[in-house]
Amino acid sequence: MAYRPHLRLPWELEEEILTRLPSKVLVRFRAVCKQWNSLFNDRSFVYNHLSLSRPQFILLTKYTIYSIDITDPTTKLRELHSSRHDLILSNVNITTCDEFLFCNYPRRWERGTALWNPWLRQVKWIKLVVDKHFDVFGLGYDNSGPEKVHKMLGYLRCPSKFQTDSYLERVSMKVVDNVYKMLDYFRSQPEDQINTYPERVAIYECASQTLRFIDTPDEEDMPICETAKRSHVSLNGNLYWIACNRQTREYFIQSFDFSREVFKPVCPLPFQKRHEQFLAVFKGDRFSLLTQCYLTRKIEIWVTKRKIDDREEVVWMNLMTLTATNLPKLFNKLYGVSYFIYDKNLVMCCGDDETGKLCIYVVKGDTCSKIQLGSDLNRLASRITWFSHCAYVPNWTSVPLEF
């Protein structure tokens with residue numbers, strides 16, 4: 001047999017093939033060569049891979065953590081055994097922070113938060129020794145320099161500036177292996193006096209372990225509404241949520257910029273009807289907006305035309321309108337609604353309209369398929385009495401060990 005010299009694919013084709021592989025495969029491929037390992041750390045490659053990858057749902061119950069992979073018409077449920085012993089599951093709220101999951105515990109239950117990549121089996125705790133009313137809102141970072149500087153942000157209810165400064169002097173904090181910024185709202189007063197005092201916005205920088213207050217515009221004395229505390233998204237180190245202008249009653253996307261440490265409006269919503277609305281990240285660098293009419297239950301999906309940054313005006317376009325007769329009611333859901341869009345399908349996770357039990361809905365065109373996990377997956381039937389969930393794209397980004 002004649003000798004055939006070793007042939008190598010063009011690098012552009014090699015990169016395109018790697019972009020389309022599942023994350024669990026790419027994790028193993030890091031050790032193939034230095035060029036591949038460097039590629040997997042490149043931000044543009046990460047965004048391209050995220051835009052092509054099929055999201056999953058992460059589900060936390062009182063006892064177990066699951067990933068739910070939906071490949072219409074099948075649903076694959078996977079128990080994440082490796083992370084169960086590292087995380088306390090009761091009463092935790094999970095959201096995303098770029099490539100990571102952010103586990104946020106109510107202060108009255110736990111004294112910490114955690115960053116987590118379930119596919120790499122990595123959990124990094126953020127330990128805080130603070131007053132029990134110190135509540136974490138979200139997580140972000142200053143990306144204006146060569147290294148990310150991570151922070152927290154929030155509110156402190158206080159009757160006077162003197163008592164506020166006194167609180168800062170006596171509070172003790174400790175952060176373990178973390179320099180993230182977080183958005184926090186602080187409640188340091190007695191339980192029966194909490195609602196009688198105004199709130200001040202504060203930011204905690206994890207690397208220096210310092211807490212300070214920041215000013216907000218006079219017209220934005222309450223820049224984080226109650227809805228934002230229940231539902232917000234993270235993109236490129238900043239936090240975003242749906243807000244309403246108190247004077248004009250116009251709905252818009254509000255943000256907190258962790259680099260400049262300012263609240264700022266991003267753009268108005270594509271329409272101003274009083275519908276139920278949910279904001280999500282689309283294809284890794286854009287927004288999607290799900291709206292549902294209270295009367296007809298019709299769902300519209302809007303997406304931004306270009307990636308989100310400070311240089312481009314945000315332009316919305318209607319991606320799909322769904323009118324199936326059996327669409328679920330998305331308003332007033334006890335455990336919220338999470339969703340993603342993939343291959344012209346809308347996939348939603350929320351409680352059943354009648355029973356409240358966890359369901360997955362796959363909507364395409366004028367059809368809506370419902371999968372009730374409590375009945376179709378028998379081992380979950382008697383175990384799900386509380387749950388937290390979010391949409392998440394599997395990836396290979398390591399949780400930082402040092403900052």
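Colleague: What percentage of the 403 residues in the protein is buried?

Modeller: This is a predicted model, and a residue counts as buried when its relative accessible area is under 20%. Among the 403 residues of the protein, the buried share is 52%.

Colleague: How many helices and strands does the secondary structure come to?

Modeller: Helices and strands are taken as DSSP runs. The secondary structure comes to nine helices and 25 strands.

Colleague: Which strands are the edge strands of the open sheet of four strands?

Modeller: The strand order in this open sheet is S21-S22-S23-S24, and the pairing is antiparallel. An edge strand here pairs on one side only.

Colleague: What does the twist average from one strand to the next?

Modeller: The sheet in question is the open one with the order S21-S22-S23-S24. From one strand to the next, its twist averages 20 degrees.

Colleague: Which residue in S23 is the bridge partner of Leu346?

Modeller: Strand S22 covers residues 345-351 and strand S23 covers residues 358-364. The two pair in the antiparallel sense over six bridges. Within S23, the bridge partner of Leu346 is Val363.

Colleague: Which elements give two or more residues to the largest nonpolar core?

Modeller: This core has 22 residues, and those touching the most other members include Leu290, Tyr339, Leu346 and Met348. Two or more residues come from each of strand S17 (276-282), strand S19 (299-304), strand S20 (316-322), S21, S22 and S23.

Colleague: How many residues does the other core have?

Modeller: The other core lies apart from the largest one. Its residues include Tyr240, Ile242, Phe287 and Val314. In total this core has 16 residues.

Colleague: Leaving aside neighbours within four places in sequence, which residues is Ile301 in contact with?

Modeller: Ile301 is one of the residues that touch the most other members of the largest nonpolar core. Contact requires heavy atoms within 4.5 Å. With neighbours within four places in sequence left out, the contacts of Ile301 are Leu289, Leu290, Met317, Asn318, Leu319, Met320, Ile341 and Leu346.

Colleague: Is Tyr335 buried, partly exposed or exposed?

Modeller: Tyr335 sits in the loop between S20 and S21. Its relative accessible area is 28%, while buried means under 20% and exposed means over 50%. Tyr335 is therefore partly exposed.

Colleague: What distance separates the C-alpha atoms of Tyr335 and Cys349?

Modeller: Along the chain, Tyr335 and Cys349 are 14 residues apart. The separation of their C-alpha atoms is 9.7 Å.

Methods
Residues are numbered from 1 along each chain as its sequence is written. This is a predicted model: local features need pLDDT of at least 70, side-chain atom pairs count only at pLDDT 80 or more; totals for chains, interfaces and linings use all residues. Side-chain values use heavy atoms; hydrogens and water are left out. Two strands pair if DSSP finds at least two bridges between them. Axes are lines fitted to C-alpha atoms, for helices over the stretch in contact, and angles run from 0 to 180 degrees between N-to-C directions. Buried means under 20% relative accessible area, exposed over 50%, partly exposed in between (1.4 Å probe, protein chains only). A nonpolar core is a set of buried Ala, Val, Leu, Ile, Met, Phe, Trp, Tyr and Cys residues joined through side-chain atoms within 4.5 Å.
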